[in-house]
Amino acid sequence: MKERFAEQQPPSPILNGERVGISGAAFSKYVSALEEPGKKKSHLHLVVGEWKAPHGKVPATTEAYVTARKVGGETKLELHAMHPEELDEDTLGGLLSEAVPRAMDMKTSPKARLALEAVMVERRREQVVKEIQLRVVDTGIRYICEQLIKEAVKGETHMKLPGSEVHDAGIELLRSIKTALRDGSHLALPELQRTAEKFAALWQTLAPKERDHMRRNLAHLTA
Amino acid sequence: MHAVSLLFDRHHVFLGEIMSRDGGLERVLLNAEGERQVGPYMSDWQTRGVPIVREVIQATQGDTLEVFFQERVPVRSHEFWTALDRWSERHGMVLLRIPAECMRAWEGLLRLPLTDVERFSMTVALRASDNDHAAWHEAVAEAVGALETKDPSLKKKLIELKKMMTGGLMKKLQEA
């Protein structure tokens, strides 16, 4: 995953973007969406920096903040978060939606809002993939989950639910993957973690034949 | 001051009503779709507050630094409505504050067989009607009456409402 972030050379780069799940390409698209035609192109550099306790008028309890400084023709934005990997969508999206347009002296627009949303959807997808890779041990089931993620992101999946003999935990896992991809609230990802853990526990108890049956049924559900 | 705001999603689907007083939350009534889309956030806000981004300028060695940070606004705070409005906008939703005198017409619009876009557009036009709320009340009440009595004139009355909507939206556009 890190390589995918590093290989791009976008006009508005982001350093340590993988810590918050944002790629340079996605961030650049957001910056471009904020630009007005005919106006000089903006060069923004976003850095996910080390944690520095806030001071001045920023409350000491603040867990994440963004600083903007103009250096030459470039604006340097620095994101400081106590736990960047754990930033929720409301915090990260909120900070970027205010700090980036202000740093560019631009007003946000529906186009920019959609571009920022795309950044968040990509981030959500990365988080879900990471969770699955971490918690689903069986390669067959993991493949099924990854296919579901791929299809759900494209918005094409029509999962056939209940009526099947498959174990409830498997259905629950697939459902929570879909929810976590769609729902950016603070509840969806922990719910995915819960169902993935429950599934992992159930998996341990299954005999090889039952595992095979589970794989086949889940594959059938997402086909 | 007591105010009612209507929340719509990006596809103009109505999600619920938010009652506020002097900017603070009084009551929320979400429908099933609103519960699905906003419900999880609402329960979080009740305990942690609504997120709002603030900006401060700090001077550092002859240089200025803009700092953006997020705070949580308690739901009873006078800033609740502003925070919710900004949150809604960021999530592609629309929060429409509706004058008390328009509520009856709005309740009628909810009952009529309209598409989400039509209902949303009519609400915007109704809000913009300023001194002409009475005409809207009358037209909506007539359409609701026709719906209740299964009067075939319902179709005609809905067309009338759509004409009023177009006129109202045009007026709003011209003002803008």
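Analyst: In this predicted model, the contact draws 18 residues from chain B and 25 residues from chain A. On the side of chain B that touches chain A, the elements that contribute two or more residues are helix H2 (39-48), strand S4 (50-60) and strand S5 (63-73) of chain B. Among these, S5(B) supplies the largest share of that side, namely eight residues. Sorted by class, the side of chain B that touches chain A is made up of nine nonpolar, six charged and three polar residues.

Strand S5(B) also takes part in strand pairing across the contact, where four bridges join it to strand S3 (residues 64-71) of chain A, with the two strands running antiparallel.

Chain A has 223 residues, of which 38% count as buried. Turning to contacts inside chain A, of those between residues at least 6 apart in sequence, 64% join residues at least 24 apart.

To return to the contact itself, S5(B) is both the element with the largest share of chain B's side, at eight residues, and the strand joined by four bridges to S3 of chain A.

Terms used
Residues numbered from 1 in each chain as written. Chains lettered and ligands numbered in written order. Predicted model: local features only at pLDDT ≥ 70, side-chain atom pairs only at ≥ 80, totals over all residues. Contact = placed C-beta atoms within 7 Å. Nonpolar A, V, L, I, M, F, W, Y, C, P; charged D, E, K, R; others polar. Pairing = 2+ DSSP bridges. Buried ≥ 20, exposed ≤ 12 C-beta atoms within 10 Å, placed from the backbone.
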